[in-house]
Amino acid sequence: MVKIKLFKGAGKYAGDVFVGLNGNTYLIKRGVEVEVPVGVAEILEHSAQQDALTAQKQEELAEHAQHI
């Protein structure tokens, strides 16, 4: 088990986060430190990395579209 604390903000970052792992489900409250299995923490980390890559790609595409 590891302790994590998910960012809590407005809009997309206001609600709880659902994670499924090996047939088990977890509903993780934002803004509160909680203990979760290592695999759940890894899923959340990978999700954050993918979000960052997606944002970067969107910026690149928007910049490219301005030059067309």
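Which pattern does the protein follow when it is read along the sequence?

**Figure 1. Overview of the whole chain in a predicted model.** Read along the sequence, this protein follows the pattern β-β-β-β-α, and it holds four strands and one helix. The radius of gyration is 15 Å, well over the 11 Å that the globule rule gives for 68 residues, so the protein is more spread out than a compact globule. Taken along the principal axes, the C-alpha atoms fill a box of roughly 50 × 25 × 20 Å. Of the 68 residues in the protein, 15% are buried, while the accessible surface comes to about 5,300 Å², with 54% of that area belonging to carbon and sulfur atoms. Among the contacts in the protein with a separation of 6 or more, 45% are accounted for by residues 24 or more positions apart.

**Figure 2. The largest nonpolar core of the protein.** Nine residues make up this core, namely Ile4, Leu6, Val17, Val19, Ile28, Val36, Val40, Ala41 and Leu44. Strand E2, which spans residues 17–21, and helix H1, which spans residues 38–66, each supply at least two residues of the core, and the largest share, three residues, comes from H1. In soluble globular proteins, nonpolar side chains tend to be buried together.

Figure 3. When residues up to four places away in sequence are not counted, Leu44 touches Ile4, Leu6, Val17, Val19 and Ile28.

**Figure 4. The hairpin of strands E2 and E3.** Strand E2 is joined by five bridges to strand E3, which covers residues 24–28, and the two strands run antiparallel. Two residues lie between the strands of the hairpin, in which Asn22 takes a positive phi near 50°.

**Figure 5. The aromatic pair of Phe7 and Tyr13.** By the ring-pairing rule applied here, the count for this model comes to one aromatic pair. The ring centres of Phe7 and Tyr13 are 5.6 Å apart and the ring planes stand at 75°, so the pair is edge-to-face, given that planes over 60 degrees apart are counted in this way. Phe7 is exposed, with a relative accessible area of 55%, whereas Tyr13 is partly exposed, with a relative accessible area of 34%.

Definitions and conventions. Residues numbered from 1 in each chain as written. Predicted model: local features only at pLDDT ≥ 70, side-chain atom pairs only at ≥ 80, totals over all residues. Heavy atoms only, no water. Core = buried A, V, L, I, M, F, W, Y, C linked by side-chain atoms within 4.5 Å. Buried < 20%, exposed > 50% of the residue type's maximum accessible area, 1.4 Å probe, protein only. Contact = heavy atoms within 4.5 Å. Phe/Tyr/Trp six-rings, centres within 6.5 Å; stacked < 30°, edge-to-face > 60°. Pairing = 2+ DSSP bridges. Rg over C-alpha atoms; globule rule 2.2 N^0.38 Å. Areas by Shrake-Rupley, 256 points an atom, 1.4 Å probe, with all protein chains shown as cover.
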